[in-house]
Amino acid sequence: MKNILSTLLFFVFAISFAQNDSIFNRLQAISNNGLTFYNIDGYAITSETLNYPFTEKGLKNVYRKYSIKKDEKKTKDEQLLFNNYYVTNDNEITEELVQNNSYYFIENQEKRIIIIQFSSINKRDKEFEHTIVKPIIENTTPKENYASMTIDSINFAGRKIKLGRSCNWTNVNTVQCPCYGEMNWSVHKDLEDAKNTVEQQFAITESRKSGKVISEEMVDIEFEGTETKAKKVIYDFTGLTSVLASMSGGKTLTIYYVATEVRGNYVSCVLSFWNNDTISENGLAPLLEKVMKLKK
């Protein structure tokens, strides 16, 4: 009986380790002034520790900070070993797109409150959330998963890309290089999830009232050595946004939406540049040329 129990415990440990290892292969993080941002599978995740006690009064202050309404249900997640409350809410973006938010308010060892927020489009997976919550609370996320706030190079789906010091993060896995382009990406558990994510990002672009899509086509590209297709979009700004953009000389954005397999990773990526950015004879801004080529 003792041997059977030991064997079962070994398999449970092995499965848990394999799941975490797979997650850490996809997870990227940035810490800034006590707030940590994470990106994985198209999820935007944040964690923060606030100097409030895990009491009714302390929780009320934290709920207010995170715009949690009084009538939103606060329940204890019994699957977590930590003292906690769990809240969900949804924000409609369009008729087809909903931003799903999950909040974990957790008591840490110092009796203070840690908040972990998950935001995603058209999906909520509590089992997945648990696999992320545990290493955050236990502070076991590997150091190599964290990017430096000062960009010199980036880890792009397993490849280190040298960028120099002219680029900056605007979010985790979102790089902006003035005059050289911008891109955001996420590593996913499967290709279908990656494709869904870029389709949703395009739908969000289409729904914005700050401008309009004036052209859209599928083009052949080589992305990190893989031949695939991308949706190429020209987006024209209107109204006040157009005025502000034109002050810097910009008027339209060229955007590429890509979802493909890269070195065994399933990647969603959105790349863009302004019409007045530096553009090579091949038709791309320098940042985009770091990861893709247009096929002729």
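In this predicted model, Glu182 touches Thr170, Thr174, Val175, Gln176, Val270, Leu271, Ser272, Leu287 and Leu288, leaving aside residues up to four places away in sequence. Glu182 belongs to strand E11. Phe273 stands 91 residues from Glu182 in sequence, yet the two C-alpha atoms are 6.3 Å apart in space.

The chain has 296 residues, and 44% of them count as buried. Its secondary structure comprises six helices and 16 strands. Among contacts with a separation of 6 or more, 52% join residues 24 or more positions apart. The accessible surface is about 16,600 Å². Carbon and sulfur atoms supply 50% of that surface.

Strand E11 is part of an open sheet of eight strands. The order is E9-E10-E11-E15-E14-E13-E12-E16, and the pairing is antiparallel. E9 (168-171) and E16 (292-294) stand at the edges. Each has a single partner strand, so one side of each lacks a neighbour in the sheet. From one strand to the next, the twist averages 30 degrees. Strands of a sheet pair through backbone hydrogen bonds, in a parallel or an antiparallel way.

Inside this sheet, E13 (residues 226-237) and E14 (residues 252-262) run antiparallel and are joined by six bridges. Helix H4 (residues 191-207) lies across E11 (181-188), E12 (211-223), E13, E14 and E15 (265-274). The helix runs at about 170 degrees to E14. The loop between E14 and E15 holds Arg263. Arg263 is not a glycine, but it has a positive phi of about 50 degrees. With 43% relative accessibility, Arg263 counts as partly exposed.

Helix H3 covers residues 126-138, 13 residues in total. From its first C-alpha to its last, H3 reaches 18 Å. That is close to the 18 Å expected at 1.5 Å a residue. The N-terminal end of H3 is capped by Asp125. Here a side-chain oxygen of Asp125 lies 3.1 Å from the backbone nitrogen of Glu127. Glu127 itself sits in H3 and counts as exposed, because its relative accessibility is 59%. In sequence, Glu127 and Gln79 are 48 residues apart; in space, their C-alpha atoms are 9.5 Å apart. Other residues of H3 are buried, namely Phe128, Glu129, His130, Thr131, Ile132, Val133, Pro135, Ile136 and Ile137. Just after the helix, Asn139 adopts a positive phi of about 55 degrees.

A hairpin is formed by strands E7 and E8, with two residues between them. Ala157, in the turn, has a positive phi of about 50 degrees. E7 (residues 153-156) and E8 (residues 159-162) pair in the antiparallel sense over four bridges. In one of these pairings, Asn155 has Lys160 of E8 as its bridge partner. E7 has two faces. Ile154 and Phe156 make up the covered face, while Ser153 and Asn155 make up the uncovered one.

Two asparagines in loops complete the picture. Asn108 is in the loop between E5 (98-107) and E6 (112-121). Its relative accessibility is 14%, so Asn108 counts as buried. A polar atom of the Asn108 side chain lies 2.8 Å from the backbone nitrogen of Arg112. Asn108 also touches Thr49 and Ile114, not counting residues up to four places away in sequence. Asn33 lies in the loop between E1 (28-32) and E2 (35-40). Asn33 counts as exposed, because its relative accessibility is 78%. Although Asn33 is not a glycine, its phi is positive, at about 55 degrees.

Note on methods
Residues are numbered from 1 along each chain as its sequence is written. This is a predicted model: local features need pLDDT of at least 70, side-chain atom pairs count only at pLDDT 80 or more; totals for chains, interfaces and linings use all residues. Side-chain values use heavy atoms; hydrogens and water are left out. The expected span of a helix is 1.5 Å times one less than its number of residues. Buried means under 20% relative accessible area, exposed over 50%, partly exposed in between (1.4 Å probe, protein chains only). A polar contact is a pair of N or O atoms within 3.5 Å; within protein, one must be able to donate a hydrogen and the other to accept it, and residues adjacent in sequence count only if both atoms are side-chain atoms. Contact means heavy atoms within 4.5 Å. Accessible areas come from the Shrake-Rupley method with a 1.4 Å probe; for residues, only the protein chains shown count as cover. Two strands pair if DSSP finds at least two bridges between them. Axes are lines fitted to C-alpha atoms, for helices over the stretch in contact, and angles run from 0 to 180 degrees between N-to-C directions.
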